Structures are given as C-alpha cells and as structure tokens.
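This report covers a single structure, shown below.

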Amino acid sequence: LYAVYSTPQIPMVSPEIFYQQVQEQIENIPVPKDSPHYSHYRRYYLQQYQQHLTQYREMEEDFKLNKGPRLNWGALLQGLGIGTWVFVAVLT
C-alpha cells in the first residue's frame, strides 16, 4: 500500500540545476553566435527554462498546500484491476 502514495518531494529537477543545464545547451549550440539562428535556439532554450520554472513553482505550491503524501488513485485502481484479472485467471 505504501507504493500507492505520491512521493513527499517534488519529482522535478530543481530550477538551479535546470538553469545550469540550459546554459550548457546554449553554449553548445552548433551555430555561430552572430548567426540569426543562434538567437532562435537561445530563445527556445530560455523558454523551456521558463516553462520548467513555472511548472516547478506550481508543483511546489501544491506540495505546500497538501502537506505530505497523497493517495495516487491511478496506481491504486490499476493495481486493483490487474489483481482482479490475475484472480479471475487463477479461478478459471
């Protein structure tokens, strides 16, 4: 039953680590920095960071509001469904 509870920590990379990864990706863009394509790729990576940051903050607020593990209904129902099929297979 413990496996059906959600983890008590945010299951995403922290914004600081993600920002470092984005900066590394920007440094490794395979086009010259004066190319018009460079700014496009750079903007794309920074937008990805902003989306990640927004999702992380939303999840962080959700964890603060709910305080602690929550029942993962999807996992529980899937486990019950599989268990039912196994039980029926054993009976037949």
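## Salt bridge

E60 is partly exposed, with a relative accessible area of 23%. The model is a predicted one, and in it the side chains of R57 and E60 form a salt bridge with an N to O distance of 3.3 Å.

The structure holds 1 salt bridge. Both R57 and E60 belong to helix α2, where they sit 3 residues apart, about one turn of the helix. Side chains of opposite charge can pair when their charged atoms come close.

## Nonpolar core

The largest nonpolar core consists of 7 residues: F18, V22, I26, I29, Y38, Y49 and L53. Helices α1 and α2 (36-66) each contribute at least two residues to this core.

Leaving aside residues up to four places away in sequence, I26 touches Y38, R42, Y45 and L46. In soluble globular proteins, nonpolar side chains tend to be buried together.

## Surface patch

W73, L77 and L80 make a nonpolar surface patch of about 360 Å². L77 lies in helix α3, which spans residues 73-91. L77 counts as exposed because its relative accessible area is 55%, where the cut-off is over 50%.

## Confidence

The average pLDDT of the protein is 82, and 82% of the residues score at least 70. Confidence is highest in helix α1 (residues 15-27), at 93, and lowest in α3, at a mean of 82. Where pLDDT is low, the predicted coordinates should not be read in detail.

Definitions and conventions
Residues numbered from 1 in each chain as written. Predicted model: local features only at pLDDT ≥ 70, side-chain atom pairs only at ≥ 80, totals over all residues. Heavy atoms only, no water. Patch = residues over 30% accessible without salt bridge, like charges linked within 9 Å, V, L, I, M, F, W, Y side chains within 5 Å. Areas by Shrake-Rupley, 256 points an atom, 1.4 Å probe, with all protein chains shown as cover. Salt bridge = Lys/Arg side-chain N within 4 Å of Asp/Glu carboxyl O. Helix = DSSP H or I, 4+ residues; strand = E, 2+ residues; numbered from the N terminus. Buried < 20%, exposed > 50% of the residue type's maximum accessible area, 1.4 Å probe, protein only. pLDDT = per-residue confidence, 0-100. Core = buried A, V, L, I, M, F, W, Y, C linked by side-chain atoms within 4.5 Å. Contact = heavy atoms within 4.5 Å.
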